[in-house]
Amino acid sequence: LQPFLNYEKNPQLMDGESGIQLGFLVKIGQIESHCTGTLIHPNWVITAVHCLQLDEQPITDKRGDKILILSNSSKMQLSIEKSEGGTRVAEEKLWIRPVRFQKERGGQDGGRSGWRTVERAVVHQGFQGEALSWKGNDVALLKLSSETITDIEGNIVPICLPAEGEDMEDPDAKLFVAGYGRRRLPHCVTNKVGPEKFGICGRPKACTKVHRARECGLEFLYDGKIHDECIHQNTPSSKDPICKNLLRSLSQTHILTTTHVLSDTGDTILTTCYPTRPGNSSKGWCTVRDPMHDDNSEPGFDSGWGFCSDEQDQIGCNDVVVDKVDLKAFSVSQLSKSYCLEQLMMNLNIEQPEVTLEAVEPFLKQFCTGRNISVMNENEHFFQRLSEGQFKRINFSRIIRDILLKKGPQYV
């Protein structure tokens, strides 16, 4: 359960020198995948039920809550870890006074580790398992011991919760996300330059079935050969007959900027010529394969391929993912529920084909986020191919924008 921070509504979260206040982040210590918890009260943490990997069945109390008493359990011990990441924000910058804790006697000398222990867990009664987490209710509350095992330097504060009834639907809000979870995927993806923007490069079929895979590698088809590295040779656009004719008319050898070629009537995109070779600093390019498809296929001149991303989380994407705690918050955007529902159904159609859209729609209460990236058409080139085979340079206009939008939302 990752906390989402609304900086616009809570400017005190940000400090120019120390970054974002993240003193409320904790790690559910016993889990290899490093699940995140959020301190919502000096002695209470909210997290996901699937992070707990419960060895015992909770007991239902009089109010219907499912409770597991951990302080008396001999089978299951759960500790909370706390790093110093995000705790260096000055006290006057905080929304509330830092919480001070008393260290328990014995501490680590008593054989226990972590920041604090968990006395009991309150599990949402509607949770039906991780495979059905699309129904929601993957929420648990953890009651912490009042004393700490180890001391943490810096300022620790609970997160500032939204007021009851506060409207969370703000697509323009400036949001950040942070947590202890894995920051890198074993899949290589493309950037926003080529035809397939942020597509997943072809990879071994077996890897597509393992959600928590740590190593995938590349495996994609081009020119009848299987490739296991991004290609540094000419791109498929270099073979496009229209692009080749355009280069001849311009007396050039390579296309360096995305160039759209319209028909002589100006109402149709004939083709889009992407850079015909990777730049000197580029990682190269790959053909892509959607998560829902297992078969590699040859790319088109202006489809089915893209330039390999060089983003920070893509460094070493063709290698083994190594666990590394990274608590730096990064910017995200709230995505529309219709888009998130579409993506969810694409996944369920493969993994749970019996689930229908009508069954999913009532449960779509998740706060859906991702990274919104804008494509700036003003930096691209536009040509009109005249009837005699000549090309005329034209300016970007609203009419052209509408034509691109008809071709697909990734073009605008």
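| Disulfide | S to S distance | Angle about the S-S bond |
|---|---|---|
| Cys188 to Cys317 | 2.0 Å | 95 degrees, right-handed |
| Cys201 to Cys286 | 2.0 Å | -70 degrees, left-handed |

Cys188 sits in the loop between strand 14 and strand 15, and Cys317 in the loop between strand 20 (305-307) and strand 21 (330-334), so their bond ties together parts that are 129 residues apart in sequence. Cys201 lies in the loop between strand 14 and strand 15, while Cys286 belongs to strand 19 (residues 285-287), so this pair joins parts 85 residues apart in sequence.

How accessible are these cysteines? Cys188 is buried at 2% relative accessibility, and Cys317 is buried at 5%. Cys201 and Cys286 are buried as well. For the remaining pair in the table, Cys207 is buried at 8% and Cys216 is buried at 10%. Cys160, by contrast, is partly exposed, with 30% relative accessibility.

Asn191 is found in the loop between strand 14 (175-177) and strand 15 (220-222). With 18% relative accessibility, Asn191 counts as buried because the cut-off is under 20%. Its side chain reaches the backbone nitrogen of Val193 at 3.0 Å. Beyond its neighbours within four places in sequence, Asn191 has contacts that include Phe198, Phe307 and Cys308.

The largest nonpolar core has 31 residues, and Leu25, Leu39, Ile80, Trp115, Leu142 and Leu144 touch the most other members. Strand 4 (25-28), strand 11 (116-123) and strand 12 (140-144) each give two or more residues to this core. A second, separate core has 23 residues, among them Leu262, Phe307, Ile394 and Ile400.

Helix 1 (residues 241-250) has Ile242, Cys243, Leu246 and Leu247 as its buried residues. Viewed down the helix axis, they fall within an arc of 140 degrees, so they line one face of helix 1. Their cover includes strand 17 (259-262), strand 18 (269-273), strand 23 (381-385) and strand 24 (391-394). At the start of helix 1, a side-chain oxygen of Asp240 comes to within 3.0 Å of the backbone nitrogen of Ile242. After helix 1 comes Ser251, with a positive phi near 55 degrees.

Finally, a word on confidence. The protein averages a pLDDT of 83, and 88% of the residues score at least 70. The pLDDT stays under 50 over residues 4-8, and it is below 50 over residues 11-18. Where pLDDT is low, the predicted coordinates should not be read in detail.

Technical notes: Residues numbered from 1 in each chain as written. Predicted model: local features only at pLDDT ≥ 70, side-chain atom pairs only at ≥ 80, totals over all residues. Heavy atoms only, no water. Core = buried A, V, L, I, M, F, W, Y, C linked by side-chain atoms within 4.5 Å. Buried < 20%, exposed > 50% of the residue type's maximum accessible area, 1.4 Å probe, protein only. Helix = DSSP H or I, 4+ residues; strand = E, 2+ residues; numbered from the N terminus. Arc of directions from axis to C-beta. Contact = heavy atoms within 4.5 Å. Polar contact = N/O pair within 3.5 Å; in protein donor to acceptor, adjacent residues only side chain to side chain. pLDDT = per-residue confidence, 0-100. Disulfide = S-S within 2.5 Å.
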